[in-house]
Amino acid sequence: MDLYQLFKTKTPIIGVVHLLPLLTSPRWGGSLKAVIDRAEQEATALMSGGVDGIIVENFFDAPFTKNKVDPAVVSAMTVVVQRIQNLVTLPIGLNVLRNDALSAMAIATCVRAQFIRVNVLTGVMATDQGLIEGEAHELLRYRRELGSDVKIFADVLVKHARPLSSPNLTVAVKDTIERGLADAVILSGWATGSPPNEEDLELASGAANDTPVFIGSGASWENIATLLQAADGVIVSSSLKRHGRIEQPIDPIRVSQFVEAAHQSWNSKAEKKSILIG
């Protein structure tokens, strides 16, 4: 997958819009307008802060269903993404939590979004929703049936989960790409807000060959320079919120700080490469 073609940069920063609780969620507030208003504000803050893409998640719908979400959630997310697309010109992705990849693919195809995130594409993971089995065979066939070119970004050894088989990172990365046909892979820490370690990122990048590797959690303006030495891009949320608190809305000043730190890291990386080549 050509990251530059999709994001107009070879090292994209993807900011996350965490939707307020949606219909059928235990914490649903009764107003879809409130959900849309906050999503529009956050998407605008992310774009003004300089990110290269946005991913929309039903993050506050916890506790999540492990597979299929309610049709009302699909409908609401479709509306929200379309409203965001009216305001921003960035590539848009979807993550329908916890692992409803088919709904994500359907929404993305209908609204002409560019990518989806899938928490468990291959293998079996023990999670707080129970056992989640990867359904790459269904998703890839469904994408072909829809005639869609939506890209699949797949987590490897996803956060808030443990693999049932041996947690060999190199094997997991290769399986996700070669057997699950992921277009990009995502590496996270053990939980929301915790980063992957540098050694794991280097292992994943080595196993992925030319497939892009994204940091999936825990990136901040303090650590992004280190993390990006071994990754192709980053998906970031918590550290962009007011006071760095997950329940708060996006802070455009924190977005700008993060983007600036990431750009400095890329310049440093490019300089090191040119010195080595020279």
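In which helix do Lys 33 and Asp 37 both lie, and how many residues apart are they? Both belong to helix H2, which spans residues 32–49, and a separation of 4 residues places them about one turn of the helix apart. The model to be toured is predicted.

**Stop 1: helix H2**

Select Lys 33 and Asp 37 and display their side chains. They meet in a salt bridge, with an N to O distance of 2.7 Å. Lys 33 counts as exposed because its relative accessible area, 57%, is over the 50% cut-off. Asp 37 is partly exposed, at 26% relative accessibility.

**Stop 2: from helix H2 to helix H3**

Next, select Glu 40 and Arg 83. These two residues also form a salt bridge, and their closest N and O atoms are 3.2 Å apart. This pair links distant parts of the chain: Glu 40 is in helix H2, Arg 83 is in helix H3 (residues 71–85), and 43 residues separate them. Is each partner buried or exposed, or in between? Arg 83 is partly exposed at 36% relative accessibility, whereas Glu 40 is buried, with a relative accessible area of 15%.

**Stop 3: strands S2 and S4**

Move to Glu 57 and Arg 117. Their side chains meet in a salt bridge at 4.0 Å, N to O. Here too distant parts of the chain are linked, since Glu 57 sits in strand S2 (residues 53–57) and Arg 117 in strand S4 (residues 115–118), 60 residues apart. Glu 57 is buried at 7% relative accessibility, and Arg 117 is buried with a relative accessible area of 4%.

**Stop 4: the loop around Ala 219**

Finally, centre the view on Ala 219. Where is this residue placed? Ala 219 is in the loop between strand S10 (213–215) and helix H8 (224–227). Ala 219 counts as buried because its relative accessible area of 5% is under the 20% cut-off. To display its surroundings, select Ile 224, Leu 227, Val 234, Val 236, Ser 239 and Phe 258, which Ala 219 touches when residues up to four places away in sequence are not counted. Then select Ser 194: it is 25 residues from Ala 219 in sequence, and the C-alpha to C-alpha distance between the two is 7.8 Å.

Notes: Residues are numbered from 1 along each chain as its sequence is written. This is a predicted model: local features need pLDDT of at least 70, side-chain atom pairs count only at pLDDT 80 or more; totals for chains, interfaces and linings use all residues. Side-chain values use heavy atoms; hydrogens and water are left out. Helices (H or I, at least four residues) and strands (E, at least two) are DSSP runs, numbered from the N terminus. Buried means under 20% relative accessible area, exposed over 50%, partly exposed in between (1.4 Å probe, protein chains only). Contact means heavy atoms within 4.5 Å.
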